[in-house]
Amino acid sequence: MLAYTIYLSFAGALVLALLPRVAAGFARVFALAIAVAGLAVGLTGFIQAGTSGPVLIADIPWIPAMGIHYTLAADGISRVLVVLTGLAAVAGILFSWTVKERTSEFFAFFLALIGGVYGVFLAVDLFVLFVFYEIAIVPKYFLIAIWGSTRREYGAMKLALYSFLGSAMVLIGLLAAYVMSGAHSMDLHTLAAYQYPVSFQLWAFPLVFTGFAILAGMWPFHTWAPTGHVAAPTAASMLLAGVVMKLGAYGCLRVAMTVFPHGMDPWGWSFLGIGSWRTVFALLAVIGIVYGAAVALVQNDFKFVIGYSSVSHMGLVLLGLMTLTQVGIDGAVLQMFSHGVLAGLLFAVVGCIVYERTHTRDLAILGKLKLGKTMLFAAVVFAIAGMASMGLPGFSGFVAEMQVLMGAWQAFPWFAAVAGIGIVVGVAYTWRALQRVFLNDTPVTEPVEDHAPYAPISWAEWAGVLLLTGTSLLVGLMPRLLLDVIAPAVQALPHILVAGGRG
Amino acid sequence: MNGASLTNLLYLTFPETILEVASLVVLVIDLGILRRRSAAYRTVAAAAFGVMGCLLALGWLLSHPLAPSFGELLVSNPSVFVAQAGILILSGLVLLLSMREEFSRNPGEFVALVLLATTGMMLVAAARDLLVIFVALELLSLSLYVLAAFNKHRAESSEAALKYYLFGGMSAAFLLFGFSYLYGLTGTTSLAGIAAAAVAGPLTPLWIVSLVLVAVGLGFKVAAVPFHLWAPDTYQGAPAPVTALIASGSKVASFALLVSVTGAVVPALDEQKGVSWVVLLLWMAGASIILGNLGALVQTSVRRLLAYSAIAHAGYMLLGIAAHTSASQGAVLYYALTYSLTTVGAFGAVAIVERATGNDRLESFSGLARRNPLLAGTMLVYLLSLAGIPPLVGFWAKFNLFAAVLRAPQAGVWSLGMVILALGMSAVSLYYYLQVLKRVYVVKGTTEDSIPVHWLELLTLVAIAVAVVLLGVFPGWLGQFIPLG
């Protein structure tokens, strides 16, 4: 049943690709219908499965000679992320209602990307997972390069090459694992059950983990993220931050950590207190949290603020994974969901609601426009989204960050403390942006040239904002809706991943 | 040789015979009957006869897949069968795509030479004797030299042919010299005999010298570094269908030959004897992968870009040859066939753009998605397949090849490093393929006039693109013929 999320998206993409000259109105309504259908399928699957274990969706021999099966299944983590993808897709289409140029192609690439993302979240055979993972690369490039803004060709190429380099690293690891196991199978569970020598895991784990973490925006491989987010059109930024970065984090958990759990074993020696890959990646995650927040604090481009905040928030996800505790990994998955929703909302405010009307993202210029008065809606939405993402209780971000920090406290107390500082800086950059853009009350010295009154907020924007804000609030107030689904799936991971690792 | 075995030979080489007859028929019809017709008419007629010849030969081949081998000269086995069928299909596609070409006033000779070259390729794939190999290679090479010079209106075409000829002639001399040493050392020209003698005899310096000489000759045919210098110029200057032929069928034949020669000089019983050959192949492979991919980065001509990418792909395939297991040899064949199919399509599309815009520079592709969406779509499929993006066939070919290389038991020392190099470099390759696709989809062209494409060409290109997608989605299909994994 859930598999139809994939097929619907690809079928929609194919139809739109074959009708390049169709009217824009038709293309966007059609794309919205497809995305809503995908979300509906995802939600139905989510509700039907409840808190049960993995649900097998499809298992067909694909290339028997190579032992590759087209296997799809959804455990709790997958089901949560499928719902997130559906939400991001619907919201992304709502916020690109104004795309006028080559509309049909735009939505074709958009739906192809969504289809790839659904596929990654549902695949169990690692080969299938990798295929979908790579399918997602190409549409991203075109979405940014054709419909983007600031330095779009540079941003798009950087993103494509970083992704492809990451996936080459993943492929090396997968090939080596495939050949080494000799099992003639790429099934996740078969590979995870195989006892790879620890010496092998010690190099394969960091390779595959880094390959995926590049897409999750891990410092110092995050540099594609801010430039990519800024260059991308609103809907693509929303998808990039909302779901594509989650692909990376998901791959880290599902592939790197599950297949090579002993890659995180201690090396047997330590340098400055770093004695295993686990510590290395936790450290990089913490650096990402603080660095992303600090850099966001000094940006003048509104979108760069959000772009760097994504790096910071994804650092929390990676830190949560590296805690190797039940609560930390629960928190990481919840943070993936929460950040997916909130980053989408923030990008929508900046890229769609504000930029489409003022045609600038420069904080200094926006400050002079008195947006707090002239565009109250945007100010309110940004305030809500910003507070939710800085971890205000009552919204999804709070529950997620709390759990990650609790996990981190058990595993790496010092890192938890530093990550806490990062979160405080997060409050600072959100307030700074809010203050400079919407609440700026310094008297205007030179008169701002007259402009036509801003277009009213369209129904599409209302719908998108309500969808995302409502979701975040719902999850914030009733986190058990998701946690009850996530927790059993995390428990079912190899025991070592929730037992604090070895040594 | 008794009478029975000569019947056997005719039976075995009947597809080649059909091609030869077809080439003569084309000449007669073109020069005799159609003399007074317009050049365009004659081109279509000649190409149609050529395609028919290929189809007939293919039909015979498919209906008689297991003809008995002809001693140790020409063999018949499943992989030779697949290679030959592939070569016939590729040549047929090249002929289909050359129906609208206007570079020649002698379409009859053109098609006849293409058919002769195809005959050469088929014999190269089947030959297991040094003399037959050399004669077949020369048939192939001489036809291609002439074909490369076929556009008499462009100086580049002559330059391409001259470079191809000079390099080719020299490397043929090296190859022949190497063969003569092999013969001198082993006293036989049959590859099976050489393999047996190699195990028995001592490992002498002369053996290594002869291997180096053979490597020079074969390295030229597959455009491996450092014998690649002709490739960019020839790919750029030769008429587009000829470039497609050089890049496709000729590659398949040469890699099939490399597989059989490797089987002889790396005797299964005595790995030690084969080490020098494997090392030679690895050096060529590594250098080709690095230089091909880096060289392609800076090209502004799409044909030169594809030439450098061909060098890189040859490097990947050489890794499979060096691994010399039966799985890796199957993987090389799979790779060569699918790569060639994609390349034929790519050159077909390039030729159409070239005809409309006058050159093959990157800028000429600007705005192609607006000017002809379907043509742009086929280009997208070809280039992404060459870059190895799933679910296109290029990805499977790469995966299968590298998995086979990693699995090879004797490859433990070098395989992982080489595969890492190849995969890392294929990440680089995405950059230059995207450079082309960026022009096609992103950059606005100076004009939005649609590019007219003849329906037959478009149909051929779309069919190739669909095949690339379908073979990628259902890779098992080709696996019936070439063992996967």
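Predicted model: local features only at pLDDT ≥ 70, side-chain atom pairs only at ≥ 80, totals over all residues.
Leaving aside residues up to four places away in sequence, A:His339 touches A:His313 and A:Met314. A:His339 sits in helix H14 of chain A, which runs over residues 326-358. Although A:His339 and A:Met314 are 25 residues apart along the chain, their C-alpha atoms are separated by 8.0 Å.

Is A:His339 buried or exposed? A residue counts as buried if 20 or more other C-beta atoms lie within 10 Å of its own, and A:His339, with 29 such atoms within 10 Å, is therefore buried.

## Helix H19 of chain A

Helix H19 of chain A covers residues 413-437, and its 25 residues, at 1.5 Å a residue, should span 36 Å; the C-alpha atoms at its ends are 37 Å apart, which agrees with that expectation.

Several residues of H19(A) are buried, including A:Phe415, A:Ile423, A:Tyr429 and A:Val437. Against which helices do the buried residues of H19(A) pack? Their partners in chain A are helix H12 (277-296), helix H13 (302-322), helix H15 (363-368), helix H16 (371-374), helix H17 (376-390) and helix H18 (396-411).

## A hairpin of two strands in chain A

Strand E1 of chain A, made of residues 55-63, pairs with E2(A) in the antiparallel sense over seven bridges. Within this pairing, A:Pro61 stands opposite A:His69, a residue of E2(A). The two strands, E1(A) and E2(A), form a hairpin with four residues between them, and in the turn A:Gly67 has a positive phi of about 70°.

Strand E2 of chain A, which takes in residues 68-74, is mostly covered, since six of its seven residues are buried.

## Backbone details in the loops

A cis peptide bond, with omega about 0°, joins A:Trp219 and A:Pro220. A:Pro220 is placed in the loop that links helix H9 (198-215) and helix H10 (224-231) of chain A. In chain B, a cis peptide bond joins B:Val225 and B:Pro226, where omega is about 5°, and B:Pro226 is found in the loop between helix H9 (205-221) and helix H10 (230-237) of that chain.

In the loop between H13 and H14 of chain A, A:Leu324 has a phi near 55°, and A:Leu324 is buried because 24 other C-beta atoms lie within 10 Å. In the loop between H9 and H10 of chain B, B:Ala223 has a phi near 60°, and B:Ala223 is buried because 29 other C-beta atoms lie within 10 Å.

## Chain B as a whole

How many helices and strands make up the secondary structure of chain B? There are 21 helices and zero strands. Along its principal axes, the C-alpha trace of chain B spans about 70 × 55 × 40 Å. A compact globule of 485 residues would have a radius of gyration near 23 Å, and the value for chain B is 21 Å, so chain B agrees with that expectation.

Of the 485 residues of chain B, 61% count as buried. Among the contacts in chain B between residues at least 6 apart in sequence, 80% join residues that are at least 24 apart.

Notes: Residues numbered from 1 in each chain as written. Chains lettered and ligands numbered in written order. Rg over C-alpha atoms; globule rule 2.2 N^0.38 Å. Buried ≥ 20, exposed ≤ 12 C-beta atoms within 10 Å, placed from the backbone. Contact = placed C-beta atoms within 7 Å. Expected span 1.5 Å × (residues − 1). Pairing = 2+ DSSP bridges.
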